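The sequence and the model come first.

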Amino acid sequence: MLKLRPILQRGVHYKVGDGLSFSLWQDPWHERGPLCLSFPRGIEVTGLPLSSTLSSVLQRNQWCWPAATDSDIVEIISLLPPTTPSAGDTICWRSNSGKFTLTSAVHLIQPPSPHAHWQGLLQGKFKIPRHGFILWLAFLEKLSTMDKPWYQGLKMAVFYVEDRLVRPMITYFSNVGSPNVA
């Protein structure tokens with residue numbers, strides 16, 4: 001479970017409010033993550049201790065960083081998130097609703113695969129299930145026979161949809177090298 005921690009942290013969003021709850025250097029409230037990791041020289045350049053909270057650089061809901069010409073501090077200041085006036089710091093889940101769901105966590109760990117556009121070739125009123133299954137295996141290049149069309153030199157195939165040629169679908173097979181076929 002601890003190995004999933006870095007992945008699940010991408011799904012968490014820190015909203016800055018009054019700055020009293022978040023650590024300035026150790027919490028990932030900034031776009032670049034924890035500042036102590038992203039900008040290790042920032043602690044010594046600003047003179048702010050490691051135990052500082054965000055409230056040390058917030059005055060009346062406005063960012064007020066110490067004046068510095070260091071490139072790291074300039075980069076920190078250029079990427080500051082907006083603050084929420086008169087609200088506390090909050091941690092939210094990045095989703096459409098802002099609430100944690102098991103589905104959103106699964107999509108974060110394993111994003112959904114793209115839609116297969118060739119699915120219409122496999123299903124339909126006049127399709128034979130066995131042929132659809134064989135075609136599906138061929139598209140996935142999992143057909144474990146030696147009579148694959150590209151092994152015999154066939155460069156394209158035309159598929160018929162719904163028992164008539166509605167839209168010719170030409171599939172060019174990759175030339176993966178011809179094995180010795182007797």
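**Entry 1: overall layout**

I counted seven helices and six strands in the secondary structure of the chain, where helices (H or I, at least four residues) and strands (E, at least two) are DSSP runs numbered from the N terminus. Read along the sequence, these elements follow the pattern α-β-α-α-β-β-α-β-α-α-α-β-β. I note for the record that this is a predicted model, in which local features need pLDDT of at least 70 and side-chain atom pairs count only at pLDDT 80 or more, while totals for chains, interfaces and linings use all residues. Residues are numbered from 1 along each chain as its sequence is written, and side-chain values use heavy atoms, with hydrogens and water left out.

**Entry 2: confidence**

I looked up the pLDDT, which is the predictor's confidence in each residue, from 0 to 100. The chain averages 75, and 75% of the residues score at least 70.

**Entry 3: burial and surface**

Of the 182 residues of the chain, 27% count as buried; buried means under 20% relative accessible area, exposed over 50%, and partly exposed in between, with a 1.4 Å probe and protein chains only. The accessible surface of the chain comes to about 13100 Å², of which 57% belongs to carbon and sulfur atoms; such areas come from the Shrake-Rupley method with a 1.4 Å probe, and for residues only the protein chains shown count as cover. I also noted that residues 24 or more positions apart account for 57% of the contacts with a separation of 6 or more.

**Entry 4: salt bridges**

How many salt bridges does the chain have? Taking a salt bridge as a side-chain nitrogen of Lys or Arg within 4 Å of a carboxyl oxygen of Asp or Glu, I find a count of two. In one of them the side chains of Arg32 and Glu75 meet, at 2.3 Å from N to O. Arg32 lies in the loop between β1 (12-15) and α2, and Glu75 in helix α4 (residues 71-78), so this pair ties together parts that are 43 residues apart in sequence. Both partners are partly exposed, Arg32 at 43% and Glu75 at 26%.

Arg41 forms a salt bridge with Asp72, with the closest N and O atoms 3.8 Å apart. This pair links distant parts of the chain, since Arg41 is in the loop between α2 and α3 and Asp72 in helix α4. Their C-alpha atoms are 7.7 Å apart in space, against 31 residues in sequence. Arg41 is partly exposed at 38%, whereas Asp72 is buried at 17%. Leaving aside neighbours within four places in sequence, Arg41 is in contact with Asp70 and Asp72.

**Entry 5: Thr46**

Is Thr46 buried or exposed? With a relative accessible area of 12%, Thr46 is buried, and its place is in helix α3 (residues 42-46). I looked for polar contacts, that is, pairs of N or O atoms within 3.5 Å, where within protein one must be able to donate a hydrogen and the other to accept it, and residues adjacent in sequence count only if both atoms are side-chain atoms. A polar atom of the Thr46 side chain lies 2.8 Å from the backbone oxygen of Gly42, and the Thr46 side chain also reaches the backbone nitrogen of Leu48 at 3.3 Å. Beyond neighbours within four places in sequence, Thr46 is in contact with Trp25, Trp65, Pro66 and Ile73.

**Entry 6: helix α7**

Just after α7, Glu141 takes a positive phi of about 55°.

**Entry 7: the loop between β2 and β3**

Arg60 is found in the loop between β2 (58-59) and β3 (62-63) and has a positive phi of about 50° although it is not a glycine. Asn61 lies in the loop between β2 and β3, with a positive phi of about 60°. Arg60 is exposed at 78%, while Asn61 is partly exposed at 26%.

Methods: Contact = heavy atoms within 4.5 Å.
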